[in-house]
Amino acid sequence: MHPHDQTTRKLGWVYGQVQDRLDLDGASLFETTHRRRTEVPVHEHEFPYVTMLVNGKYREPFARGDVYFTPFSAAYHPVHTRHAGLIEEHGCRFFTLELEPSWLATVESALPPDSVFDWHGQKVLWPMLRLFREYREEQLGPSLTMESLALEVIGALRLGKQDDYATDSWKLVREKMHDCFREQMRIGDLATAAEVHPVHVARLFRQHTGLTAGEYLQRLRAQHACRLMQQPERTLCEIAYDSGFFDQSHMNRVLRRFTQCSPGALRTLTQ
């Protein structure tokens with residue numbers, strides 16, 4: 001535990017085991033552990049917060065559909081946001097930056113009114129990851145670096161706001177890719193679907209996901225392959241073909257890059 005953990009400052013966090021708490025001037029940093037599968041009921045948090053999933057899997061129902069988190073995904077919820085969640089088997093661990101009202105008076109204009117989700121490493125994740133590293137390495141309590149990084153997280157939330165045109169275009173591009181990810185496609189196909197220039201499509205992927213269109217496509221195919229591996233009657237060759245890979249060897253290379261294990265080991269884990 002950090003030496004500055006002993007404090008009377010109230011936390012607005014509701015569920016999970018809070019550990020290694022560290023208080024900054026106007027904010028708190030802490031890890032939260034859930035050790036098993038848990039259905040988190042509908043609740044609110046008393047303070048706004050940004051959280052990053054460090055390990056495990058987590059799902060939140062949301063107005064536009066369920067939001068799935070994998071390790072090193074981040075989310076921001078404003079104060080009193082009502083939400084629920086499902087912590088999947090084997091539990092999970094979060095790193096959280098919770099903001100105190102007394103500090104919000106100086107940064108409130110930068111906080112978006114709605115929740116923000118960053119599960120592709122767009123803008124919020126990277127300062128949160130740097131803050132997590134600083135938090136883990138700090139042994140003498142809060143530092144100027146940690147306070148600066150906390151402000152960078154707030155700045156990233158503000159930078160994440162996009163105009164309506166970009167949001168509408170991205171929705172059309174994303175729908176096209178999700179519908180056709182098993183097929184061979186080009187940037188021009190996505191541009192036609194959204195009625196925008198191909199250059200704009202490339203910018204949309206970087207802006208919204210931090211990835212190229214090709215990298216995003218490979219993640220969709222890899223995810224689909226992992227799901228198909230839960231069907232023991234399917235061979236790896238069939239899974240590769242049904243997921244849009246050129247062949248089994250191509251699928252093996254992509255899965256190894258994303259999961260750091262062989263498809264056989266991955267299949268055992270998913271069954």
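Student: Which element gives the most to the lining of the largest cavity?
Tutor: This model is predicted. E3, E4, strand E6 (73-77) and E7 each supply at least two residues of that lining. One of them gives the most, with four residues: E4.

Student: How much space lies in the largest cavity?
Tutor: Start with the search. The structure holds one cavity of 30 Å³ or more. Inside the largest cavity, the space comes to about 170 Å³.

Student: Which residues are the closest to the centre of the largest cavity?
Tutor: The lining of the largest cavity has 16 residues. They divide into nine nonpolar, six polar and one charged. The closest to the centre are Trp 13, Tyr 49, Tyr 58, His 83 and Phe 94.

Student: Is strand E7 largely enclosed or largely open?
Tutor: Count its buried residues. Strand E7 covers residues 83-99, 17 residues in total, and 14 of them are buried.

Student: How many bridges join strand E4 to E7?
Tutor: Strand E4 spans residues 49-60 and runs antiparallel to E7. One point of contact is Arg 59, whose bridge partner in E7 is Leu 86. The number of bridges joining E4 to E7 is nine.

Student: What is the bridge partner of Glu 39 in E7?
Tutor: Look at strand E3, residues 38-43. E3 pairs with E7 in the antiparallel sense, over four bridges. In E7, the bridge partner of Glu 39 is Leu 86.

Student: And strand E2: which residue in E7 is the bridge partner of Ser 28?
Tutor: Strand E2 takes in residues 27-34. E2 and E7 run antiparallel and are joined by eight bridges. For Ser 28, the bridge partner in E7 is Glu 98.

Student: How many residues apart are Glu 31 and Arg 93?
Tutor: Their side chains meet in a salt bridge, 2.7 Å from N to O. Glu 31 sits in strand E2 and Arg 93 in strand E7. The pair links distant parts of the chain, and the separation is 62 residues.

Student: Does Arg 93 count as buried or exposed?
Tutor: Buried means under 20% relative accessible area. Glu 31 has 1% relative accessibility and counts as buried. Arg 93 has 18%, so Arg 93 counts as buried.

Student: Which parts does the salt bridge of Arg 136 and Glu 31 tie together?
Tutor: The closest N and O atoms of this salt bridge are 3.0 Å apart. Arg 136 and Glu 31 are 105 residues apart in sequence. Arg 136 lies in one part and Glu 31 in the other, so the pair ties together helix H2 (residues 125-137) and strand E2.

Student: Which residues are linked in a network of salt bridges?
Tutor: A search of the whole structure finds five salt bridges. Glu 31 meets Arg 93 in one of them. Glu 31 also forms a salt bridge with Arg 136. The network links Glu 31, Arg 93 and Arg 136.

Student: What is the N to O distance in the salt bridge of Arg 234 and Asp 242?
Tutor: Arg 234 is partly exposed, with a relative accessible area of 23%. Asp 242 is at 25% and counts as partly exposed. Their side chains meet in a salt bridge with an N to O distance of 2.3 Å.

Student: Which element gives the most to the largest nonpolar core?
Tutor: This core has 27 residues, and Leu 29, Phe 95, Leu 97, Val 124, Met 128 and Leu 131 have the most contacts inside it. The elements that give two or more residues are strand E1 (17-24), E2, E4, E6, E7, H2 and helix H3 (144-159). With seven residues, the element that gives the most is H3.

Student: Is Pro 113 buried or exposed?
Tutor: Pro 113 is found in the loop between helix H1 (101-107) and strand E8 (116-118). The cut-off for exposed is over 50% relative accessible area. Pro 113 is at 70%, so Pro 113 counts as exposed.

Student: How far apart in space are Pro 113 and His 77, C-alpha to C-alpha?
Tutor: In sequence, Pro 113 and His 77 are 36 residues apart. In space, their C-alpha to C-alpha distance is 8.8 Å.

Note on methods
Residues numbered from 1 in each chain as written. Predicted model: local features only at pLDDT ≥ 70, side-chain atom pairs only at ≥ 80, totals over all residues. Heavy atoms only, no water. Buried < 20%, exposed > 50% of the residue type's maximum accessible area, 1.4 Å probe, protein only. Pairing = 2+ DSSP bridges. 1 Å grid on protein atoms, 1.4 Å probe; cavity = no way out; pocket = protein on both sides within 12 Å on 5 of 7 lines; lining within 4 Å. Points joined across faces, edges and corners; volume = space filled by probe spheres on them. Nonpolar A, V, L, I, M, F, W, Y, C, P; charged D, E, K, R; others polar. Salt bridge = Lys/Arg side-chain N within 4 Å of Asp/Glu carboxyl O. Core = buried A, V, L, I, M, F, W, Y, C linked by side-chain atoms within 4.5 Å.
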